[in-house]
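Please read it beside the sequence and structure shown here.

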Amino acid sequence: MAEAHISGKKLTQALREMKEISRMDFVLFSKKGKLLASTCPEPDMKMQEFVTQFGKSMAESQTIQDWIFLKIEINEKTEHILLVNKNGSEDSSYVIGRMAACQIRNLYLSAQEPVNEANFLRRMLHGDYSERQIREENQAVRLKSGSYLLYVIRLATEQDEIVMETLKNLFVLYNIDYLVDVEEDCVVLIKNVQGMEMKAEQYARCIIDNLQTEAMINAWVGYSDPADSFLDFRSRYQQACTALQIGTVFYDEGRVFYYRHLGLGRIIQQLPPELCDLFLEEVLGEHAEVELDEETLATINQLFDNNLNISETARQLFIHRNTLVYRLERIEKKLGLDIRTFEDAMLFKIAMMVRTHRKQREHLLEDKPMAELSHT
């Protein structure tokens, strides 16, 4: 039996339910020290070192600082480490911790599946297998060799039977293609290039159009270069996820994102917060936090779409040329940039992308469960 895949969202929910009952915090790590779920802000980085050391030790439990460390065994093998924050006596905290560990263990056991195509591919995409294990498991599953495109499909809502059936019926050729649900709102279509009659980007748009018409759900698709070996699936999956992440942040009007066509977004996404703040201070100065209304943004976007041609932009906005010039002068006063000029227009474009990136990072740190942060 293969170890079950349980999403970070489900693990976090289980820990939060335990916290509501016990009024104690819990943190769940893999045996290798990867943070999986938590009911509190991210623990000290040293805690990760303690987890890996404890995982290698012979001890079944250990108390470090204000935390009780407990091993969770699945199929007689240590797979996870649960940290329980002491609340009251150590004995009562230990008992509650053991109960929580049993609940996590049962959650995994009840979700275990035999090795099959979907489970094998899901674990491969998440990096749970070594190269040797991939080759060994594939001898039992016997996936068809070939060149594959991996389409990571992010759904506007959680996937359901209608979505999966739509994708299976329209895009999956039996015994050639594979469909894997990796998260509640994310599906991966592993498409054999041999069975495709259109270009990669056209195929992605076809997926989006059919999900809208058949399943009435919006979706975004990220993809990368073909994988010519099963050993490449993990890296191609990561690239497609990166394309999706960067694309939805910086190019919000797009629906399809190719890993090699991410432009400035790829560079900006790697900037640390300190450099973002420094750049915004240099370019916008005191105007760095100025918010622009919808009319102003629409005007700017239309001007960019027309390569800074004022006359054509005014015509498409159905306003007089002088009215547009007046709007642009107001924007210059707000931002300190004259976007009628190429240099200032480029600075504005980059500054807005940097600001979007910074806000996205702040939003992730404030609102996302710790398990999701570690996954991203």
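The points below cover a sheet, salt bridges, one arginine and a surface patch.

The model is predicted, so local features need pLDDT of at least 70 and side-chain atom pairs count only at pLDDT 80 or more, while totals for chains, interfaces and linings use all residues. Residues are numbered from 1 along each chain as its sequence is written, and side-chain values use heavy atoms, with hydrogens and water left out.

- An open sheet is built from five strands in the order S2-S1-S5-S4-S3, with antiparallel pairing. Helices (H or I, at least four residues) and strands (E, at least two) are DSSP runs, numbered from the N terminus, and two strands pair if DSSP finds at least two bridges between them.
- The edges are strand S2 (35–38) and strand S3 (61–64); each has a single partner strand, so one side of each lacks a neighbour in the sheet.
- On average, neighbouring strands of this sheet are turned by 20° against each other, direction ignored. Axes are lines fitted to C-alpha atoms, for helices over the stretch in contact, and angles run from 0 to 180 degrees between N-to-C directions.
- Four bridges pair S3 with strand S4 (residues 67–74) in the antiparallel sense, and Ile64 stands opposite Trp67 in S4.
- Helix H1 (residues 8–22) lies across strand S1 (26–30), S2 and strand S5 (77–85), and runs at about 40° to S2.

**Salt bridges**

- There are 17 salt bridges in the structure, each defined as a side-chain nitrogen of Lys or Arg within 4 Å of a carboxyl oxygen of Asp or Glu.
- Arg154 and Asp185 form a salt bridge through their side chains (2.8 Å, N to O). Arg154 belongs to strand S6 (residues 148–155) and Asp185 to the loop between strand S7 (178–183) and strand S8 (186–192), so the pair ties together parts 31 residues apart in sequence.
- Arg154 is partly exposed at 30% relative accessibility, and Asp185 is partly exposed at 26%. Buried means under 20% relative accessible area, exposed over 50%, and partly exposed in between (1.4 Å probe, protein chains only).
- A salt bridge also joins the side chains of Asp177 and Lys191 (2.6 Å, N to O). Asp177 sits in the loop between helix H6 (161–171) and S7, and Lys191 in strand S8, 14 residues apart.
- Asp177 is buried at 4% relative accessibility, and Lys191 is buried at 2%.
- Glu332 and Arg340 form a salt bridge whose closest N and O atoms are 3.6 Å apart.
- Glu332 has a relative accessible area of 30% and is partly exposed; Arg340 is partly exposed at 28%.

**Arg327**

- Arg327 is placed in helix H13 (residues 321–335) and counts as buried at 16% relative accessibility.
- Apart from neighbours within four places in sequence, Arg327 is in contact with Glu295, Thr299, Leu317 and Ile319. Contact means heavy atoms within 4.5 Å.

**Nonpolar surface patch**

- Tyr251, Leu264, Ile267, Phe342 and Met346 make up a nonpolar surface patch with about 480 Å² of accessible area together. Helix H9 (264–269) and helix H14 (342–367) are the elements that give two or more residues to this patch.
- Patches are made of residues with over 30% relative accessible area and no salt bridge, with like charges joined within 9 Å and nonpolar side chains (Val, Leu, Ile, Met, Phe, Trp, Tyr) within 5 Å. Accessible areas come from the Shrake-Rupley method with a 1.4 Å probe, and for residues only the protein chains shown count as cover.
- Leu264, in helix H9, is partly exposed with a relative accessible area of 32%.
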